[in-house]
Amino acid sequence: MSYTVSLQQRIQQLKKAQVYLDKVFYKVQKEATLRAIEAAQAATPPKEGTGRGPYIGTNTITGELKAHWATDSQIAPQKIAGGYRTILANNMKYASYVNDGHRMDRHFVPGLYVNPESKLLEYDPKAKVGLVVGTKTKYVKGEFMTDKAKEAYQKTVLDLLDKEIERTLK
């Protein structure tokens with residue numbers, strides 16, 4: 001008989017918890033998206049301790065690519081049929097090249113130059129200079145920022161969902 005009582009209690013707990021599931025899913029998804037953005041930013045150049053020289057892309061040195069994860073992503077979950085949706089995004093036009101890697105064919109880039117003061121690559125389309133690039137490096141490895149973000153998202157969802165459901169059932 002005690003099995004039936006505990007089963008009935010569990011059914012009542014689940015009915016009670018159903019009212020709170022939307023709030024739980026919203027909270028978990030929002031937190032998981034924030035963790036995904038943090039993971040993507042951590043994997044995006046410039047990264048601490050990499051020792052990479054100054055001759056990497058100007059926008060990866062400035063942190064502009066890294067900053068766009070937070071501004072371009074949709075953190076607040078939007079209710080859709082069957083659940084909620086958030087979006088991890090980086091709208092910089094070269095983000096996919098940094099993420100996936102790319103070939104470097106030897107070519108001339110007008111307006112690209114090494115700034116004599118900062119010793120960094122800079123680009124000015126009006127400048128009457130340019131550089132030939134792709135001479136030493138034939139392929140630039142990807143950073144796989146989105147894969148790392150997905151892993152962080154999934155891990156967070158699994159961790160938080162269990163905790164939140166357990167807390168709701170109490």
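How close do the axes of H2 and helix H4 (residues 64-72) come, and at what angle do they cross? In this predicted model, the two axes come within 9 Å and cross at roughly 170°. Angles over 145 degrees count as roughly antiparallel, and H2 and H4 are therefore roughly antiparallel to each other.

**Helix H2 and its partners**

On the H2 side, the contact with H4 involves Ile37, Ala40 and Gln41. These residues meet Lys66, Ala67, Trp69 and Ala70 in H4. By class, the residues of this contact divide into 5 nonpolar, 1 polar and 1 charged.

Helix H2 (residues 21-43) also packs against helix H6 (residues 145-169), with axes that come within 7 Å and cross at roughly 150°. That angle makes H2 roughly antiparallel to H6. The crossing of H2 and H6 is right-handed. The contact of H2 with H6 has 16 nonpolar, 4 polar and 6 charged residues.

Thr44 lies in the loop between H2 and helix H3 (58-62). Is Thr44 buried or exposed? With a relative accessibility of 0%, Thr44 counts as buried. Leaving aside residues up to four places away in sequence, Thr44 touches Leu65, Lys66, Trp69 and Met145. Of these, Lys66 and Trp69 in H4 also take part in the contact with H2.

**The aromatic pair**

A pair of aromatic rings is described by the distance of the centres and the angle of the planes. The count for this model comes to 1 aromatic pair. The rings of Tyr26 and Tyr84 have their centres 5.9 Å apart and their planes at 80°. Rings pair if their centres lie within 6.5 Å, and planes over 60 degrees apart count as edge-to-face, so the pair of Tyr26 and Tyr84 is edge-to-face.

This pair links distant parts of the chain, since Tyr26 is in helix H2 and Tyr84 is in strand S2 (residues 83-87), 58 residues apart. The cut-off for buried is under 20% relative accessible area.

How values were computed: Residues numbered from 1 in each chain as written. Predicted model: local features only at pLDDT ≥ 70, side-chain atom pairs only at ≥ 80, totals over all residues. Heavy atoms only, no water. Axes fitted to C-alpha atoms, helices over the stretch in contact; angles between N-to-C directions. Helix = DSSP H or I, 4+ residues; strand = E, 2+ residues; numbered from the N terminus. Parallel < 35°, antiparallel > 145°, perpendicular 65-115°, else oblique. Left-handed = near helix turned anticlockwise from the far one by under 90°. Nonpolar A, V, L, I, M, F, W, Y, C, P; charged D, E, K, R; others polar. Phe/Tyr/Trp six-rings, centres within 6.5 Å; stacked < 30°, edge-to-face > 60°. Contact = heavy atoms within 4.5 Å. Buried < 20%, exposed > 50% of the residue type's maximum accessible area, 1.4 Å probe, protein only.
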